[in-house]
Amino acid sequence: MQDLILILDFGGQYTQLIARRVRECHVYSEVIPWNAPLADILARRPKGIILSGGPSTVHDPQAPMIDPALFQAGIPVLGICYGMQLAAHLLGGKVERAKEREYGRVTVRMKDRSGLFGGMKAASGCWMSHTWQVTACPPGFRVVAETDNCPVAAIINEEKKIFGVQFHPEVTHTEEGSMLIRNFLFRFCDCSGDWTMNTFAETAIRQIRETVGDSGTVLLALSGGVDSSVVAALIYRAIGNRLTCVFVDHGLLRKGESDQVCHVFSHLFPVRFIRSDASARFFADLAGVTDPEEKRHIIGRDFIEVFKQEASALGKMDYFAQGTIYPDVIESGQATNAAVIKSHHNVGGLPKELGFTELIEPLRMLFKDEVRALGETLGLPRELVWRQPFPGPGLAIRIIGEVTPEKAEIVRESDAIFREEITAAGLDRHVNQYFTVLTGIQSVGVMGDERTYDYTVALRAVTTDDFMTADWARLPYDLIARISARIVNEVPHASRVVLDVTTKPPASIEWE
Ligand code: XMP
């Protein structure tokens, strides 16, 4: 049986990061809600349990509480921030408002550098974010770390293998956080550290087989992006051609993308694959439209219509599969009053529209780079697995003004040159997103003694961690010169190249 660490989520900002740090130690871990029944938790036979941080205080009548019997089950427990306070509170300690709120990087002094703190320095920079703190240890515990403002920064009961830390070992700002997590896993939880993406793939494939049964069928909307491609590969391994992938080609994909997706899912993973070439419909509906939001709405609506037609031609399917990954889960779970800057195209509502109640989402727990690692493990081509993000509405939102097949060709060809050159310069893993935009501007030029009046192509390249904010990438001048020369020489009707040097905010990454 595979080692499992369960993380009870009390609503902390960094909860999934804990899971990720554990998985980086080659131990499988999953986040579950704090109120999961104790019997269910125990039935999964976890090797250890981590109680996450969270915004609550234990004295609040609404505060999330757990069954104290959890601490009697003989399973090692590590409480982090709220998790520590909760453990202390339930086991007879005291939690009080801190005199001074601690936020940010704080030096923690370790009083005992064995066990949980084995191998760590006597004083280590740790990330803190708390208003409440433990002021008296529960019986049987001792204090093993302190800060200037927090005399009880960590508590342990080695005999019962229950630990609490006020700081966050899961964030990278905590210098030796990974060491602490390793110590918990390997010194106390007796984990073997043999989990790999391969194990994840095997488990996911087995679970899909169990869910779908011997005769069930699955429908997947394949976009050609990393997430849905990895899901397709996983489900193919589980149930072969009882999976049907529908790929709607709106004619606004990057150069070579549609053919690559077809090739992969006809040869490498030969699923039942339907490519719906709907470009004529999309171009017809986009004719004359210049407003960015209207373009987005038309594309979103057409996509659903085309998909529905293809799906109904297939007859009844039992399950709908989606490439939902962890950041999607978080984003869709958050109520937001933020202004709509752009109406994102996504197919989140598709299963409902098609009447599906049964979903298969094998990537729900993973971060993007874990999905990429899984894709490589499954044998998907590297270019597909490491593809940069590409918006659902595709090139339509990189063409300012009306979208036509001719303009799509200019942006597609110039984009291909840009991508080729960035890869050749070895920058594709350093620049997070890069593409060309067909600006609405035409300008005068001269080519072979003739006057030209052709299009201006903009280069957009950004560095970013999360795509919420971004800086423009400082590409070498020589590289920009090469790209510019190639675009004006090789792409018909592109006669001028400009560079976008705007950060996000105030500009967005895409131009529309
Ligand atoms: P912006 O332009 O808002 O883009 O700064 C941030 C990131 O989101 C991508 N993007 C989209 N992704 N559907 C998507 O799946 C969309 O409609 C969409 N619009 C923008 C964009 O490429 C960038 O990575």
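In what order do the five strands of the open sheet lie? The order is S12-S11-S10-S13-S14, and the pairing is parallel. Strands are DSSP runs of E with at least two residues, helices are runs of H or I with at least four, and both are numbered from the N terminus. Two strands count as paired if DSSP finds at least two bridges between them. Strands S12 (272-277) and S14 (359-360) form the edges, each pairing on one side only.

Before I continue, please note that this is a predicted model, in which local features need pLDDT of at least 70 and side-chain atom pairs count only at pLDDT 80 or more, while totals for chains, interfaces and linings use all residues. Residues are numbered from 1 along each chain as its sequence is written, and side-chain values use heavy atoms, with hydrogens and water left out.

Within this sheet, S10 (residues 218-221) and S11 (residues 243-249) run parallel and are joined by four bridges. Leucine 219 has threonine 244 of S11 as its bridge partner.

Helix H7 (residues 257-268) lies across S11 and S12, at about 160° to S12. Such angles run from 0 to 180 degrees between N-to-C directions, with axes fitted to C-alpha atoms, for helices over the stretch in contact. Which residues of H7 are buried? They are Glu257, Ser258, Gln260, Val261, Cys262, Val264 and Phe265, where buried means under 20% relative accessible area with a 1.4 Å probe, protein chains only. Their cover includes helix H6 (226-239), S11, S12 and helix H13 (382-385), contact being heavy atoms within 4.5 Å.

On a 1 Å grid over the protein atoms alone, a cavity is a set of points where a 1.4 Å probe fits but cannot get out; a pocket is an open set with protein on both sides within 12 Å along at least five of seven lines; lining residues have an atom within 4 Å of a point. A volume is the space filled by probe spheres set on the points.

The second largest pocket has a volume of about 560 Å³. Of its 20 lining residues, Tyr28, Glu30, Thr203, Ala204 and Gln207 are the closest to its centre. Helix H5 gives the most to this lining, with eight residues.

The largest cavity has a volume of about 30 Å³. Among the residues lining this cavity are Arg142 and Ile156. Arginine 142 also stands opposite isoleucine 156 in S8, and three bridges join S7 (residues 142-146) to S8 (residues 154-157), which run antiparallel.

Technical notes: Buried < 20%, exposed > 50% of the residue type's maximum accessible area, 1.4 Å probe, protein only.
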